[in-house]
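Here are my notes on the structure, as numbered points. Please read them with the model open.

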Amino acid sequence: NLIKTKDHLEFEDLVFQLLKLIGINNICKIDKKEQAGREDGFFVFGDLAVIYDCTLLSDFVQKKKHQINNYCRQLENEQELLCESKGRPFNIRNKRKQVWIITRNKTQKIKDYPCQNGKSILVKEISIYDLIEIYIKRIKENLFEDELEKILENLGN
């Protein structure tokens, strides 16, 4: 269904499930009623903090330009992200930060968002096909958390 659905809400739900299956447990899915113009979710995995947004659009960069910049500012300025549905904060201080736009296209780097502290936030397009490959790799191999963290962080580099 993830590969075939045309329903963006189903796509978002299935991406969330896939991220959980990969082994990302500290993940927050944004509630649909609060979602207009917001990210679909965020997660922290080891020292990696990611805000993600799912889209079925193939040409999304211009349409999501302002949203992407908002996600970057949110990661840059916040020391924690609040998972409102669980009332739980996610500490993102001193984490490596990325914004993922999850699509059916190819995985690639979109841009570096420069931060005031001299660091940058990587904005990437992440393909569901690469996420599915990671899931299969986890099933077939014995991947430790630090190895999985590096795989996730290096997607699109």
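Which residues lie nearest the centre of the largest pocket?

1. Basis. This is a predicted model, in which local features need pLDDT of at least 70 and side-chain atom pairs count only at pLDDT 80 or more, while totals for chains, interfaces and linings use all residues. Residues are numbered from 1 along each chain as its sequence is written, and side-chain values use heavy atoms, with hydrogens and water left out.

2. Largest pocket. K95, R96, K97, K119 and S120 lie nearest the centre, in a lining of 13 residues. A pocket here is an open set of points on a 1 Å grid over the protein atoms alone, where a 1.4 Å probe fits, with protein on both sides within 12 Å along at least five of seven lines; lining residues have an atom within 4 Å of a point. Strands are DSSP runs of E of at least two residues, and helices are runs of H or I of at least four, numbered from the N terminus. The pocket volume is about 260 Å³, taken as the space filled by probe spheres set on the points, which are joined across faces, edges and corners.

3. The lining residues divide into 6 charged, 4 polar and 3 nonpolar. Asp, Glu, Lys and Arg count as charged; Ala, Val, Leu, Ile, Met, Phe, Trp, Tyr, Cys and Pro as nonpolar; the others, Gly among them, as polar.

4. Residue N94. N94 sits in the loop between β5 (88-91) and β6. Its phi is near 65°, a positive value in a residue other than glycine. N94 is exposed, at 68% relative accessible area (exposed means over 50%, buried under 20%, partly exposed in between, with a 1.4 Å probe and protein chains only).

5. Main core. The largest nonpolar core has 26 residues, and V15, L19, Y52, W100, I102, L131 and L152 have the most contacts inside it. Such a core is a set of buried Ala, Val, Leu, Ile, Met, Phe, Trp, Tyr and Cys residues joined through side-chain atoms within 4.5 Å. Elements giving two or more residues to this core include α1 (8-22), β3 (48-54) and α4 (145-154); the largest share, 7 residues, comes from α1. Beyond its neighbours within four places in sequence, V15 is in contact (heavy atoms within 4.5 Å) with L2, Y52, C54, I102 and I128. A second, separate core of 21 residues includes I30, I68, F90 and I101.

6. Residue V50. V50 lies in strand β3 and is buried, at 1% relative accessible area. Not counting residues up to four places away in sequence, V50 touches G41, F42, F43, Q98 and W100. The C-alpha atoms of V50 and L152 are 10.0 Å apart, although 102 residues separate the two along the chain.

7. Cysteines. How many disulfides does the structure hold? There is 1, a disulfide being a pair of cysteine sulfur atoms within 2.5 Å. C28 and C83 form the disulfide, with their sulfur atoms 2.2 Å apart. The torsion about its S-S bond is about 80°, so the disulfide is right-handed. Because C28 lies in strand β1 (residues 27-29) and C83 in strand β4 (residues 80-83), the pair ties together parts 55 residues apart in sequence. C28 is buried at 1%, and C83 is buried at 3% relative accessibility. C72 is in no disulfide; its nearest cysteine sulfur, that of C115, is 7.4 Å away. C72 is buried at 0% relative accessible area, and C115 counts as buried at 14%.
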